[in-house]
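Subject: Structure handover

Hello,

Here is the structure I promised you. Please open it before you read on.

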Amino acid sequence: MATRLGLGLPQNRQYDLGKDVADVARTAERIGYDSLWVYERALYPEPATQGLYGVPGLAWPDSYRGVAEPLVTLTLAAAATERVELGSSVLVAPLHLPFQLAKALATLDAASGGRVLAGFGTGWSHDEYAATGVRPFEERGRVMDELIDVCRAVWGPDPVVHDGPVTRIDSAVVGPKPARPIPILLAGSGKPALRRLVDHADGWLPVGAGVEQIAAQWAELQDLAAERGRQQPIRTVLRVNAAHSAKPYDGGDRRPFQGDADQIVADLARHAELGLDEILVDLQATTRDAQELKDVAAEVFEKARAAGV
């Protein structure tokens, strides 16, 4: 059975959001992609007080300047499509008020006919938490735990009741309800994040950084699930941040998913052998405009299917 393939929607500043999101979404659905995805980058600190991913001295990429709000972007894509699933990889969930985020996702799922995948992560940017965080950065894990509980409550039957440090709902009717239970997928590779995933989520959102690393993380997650007695399967969606070029990359050590379409597809094939359910390919950082994004997305999809991915 072929691996499901998703495509990252255009959110970066080189795109015309009013036209390009719907155009790329329609084209991706027509090509045969199974899902469309957004990511969240709330701001671009200048000067940066913290390195990328919290690594000292690691520069933020220029593509992070002016990233469109993810749920607005998904809504534009939902209105332009009929079949594809609509996911986030990831929403930095603790930057959002839990009740409002739960209601927004329920509304989008109801409007799209049950196509939303709620992908959450805790993030790493102190600047983003200072600007928008519900709680301080150090409390992000506890906020994530409560946010998942609030989502389950809001999406479930009325009356909705919740009493926590961030959100209190005494007893209320909350609608619209999602068209079906929205799957919650979590990013993360540390022990607390993996325990949260095994105990409270439906799936895992790893980031492609090499076959060996993903294989080790996947094995660790499966072992933890067995240890904690989880019976339900864990859905897996691998995020691939591809750096596409028109010519093959031959400049020495090549990072995974760097190069022309053939090189990217070869890396997709190696990762697909791990047995992951789905691979999300985000091409937008290195394509100049929507037309190039559509052309490369079509080439990658066709070559991936020809290669048995």
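Below are the notes on what was found in it.

**Ground rules**

This is a predicted model: local features need pLDDT of at least 70, side-chain atom pairs count only at pLDDT 80 or more, and totals for chains, interfaces and linings use all residues. Numbering runs from 1 along each chain as its sequence is written, and side-chain values use heavy atoms, with hydrogens and water left out.

Helices (H or I, at least four residues) and strands (E, at least two) are DSSP runs, numbered from the N terminus.

**Gln50**

Look in the loop between β2 (35–38) and α2 (70–80); Gln50 is there. Gln50 counts as buried because its relative accessibility is 13%. (Buried means under 20% relative accessible area, exposed over 50%, partly exposed in between, with a 1.4 Å probe and protein chains only.) Its neighbours in contact (heavy atoms within 4.5 Å) are Trp60, Trp124, Ser125, His126 and Asp127, leaving aside residues up to four places away in sequence. The Gln50 side chain also reaches the backbone oxygen of Trp124, at 2.9 Å.

**Helix α3**

Helix α3 covers residues 98–112. Its 15 residues, at 1.5 Å a residue, should span 21 Å, and the end C-alpha atoms are 21 Å apart, which agrees. The expected span is 1.5 Å times one less than the number of residues.

Which residues of α3 are buried? They are Pro98, Leu101, Ala102, Leu105, Ala106, Leu108, Asp109 and Ser112. Seen down the axis of α3, these buried residues fall within an arc of 165°, so they line one face of the helix. (The arc is that of the directions from the helix axis to the C-beta atoms.) They pack against α2, β3 (85–88), β4 (91–92), β5 (116–121) and α5 (140–155). Just after α3 comes Gly113, with a positive phi of about 80°.

**The β6–β7 hairpin**

Strands β6 (residues 160–163) and β7 (residues 168–172) pair in the antiparallel sense, over three bridges. Pairing needs at least two DSSP bridges between the strands. The two form a hairpin, with four residues between them. Asp163 stands opposite Arg168 in β7.

**Val265**

Val265 sits in helix α8 (residues 261–272). Val265 counts as buried because its relative accessibility is 5%. Lys303 is 38 residues away along the chain, yet the C-alpha atoms of Val265 and Lys303 are separated by 6.7 Å. Val265 touches Val300, Lys303, Ala304 and Ala307, again leaving aside residues up to four places away in sequence.

Best wishes

Key:
A polar contact is a pair of N or O atoms within 3.5 Å; within protein, one must be able to donate a hydrogen and the other to accept it, and residues adjacent in sequence count only if both atoms are side-chain atoms.
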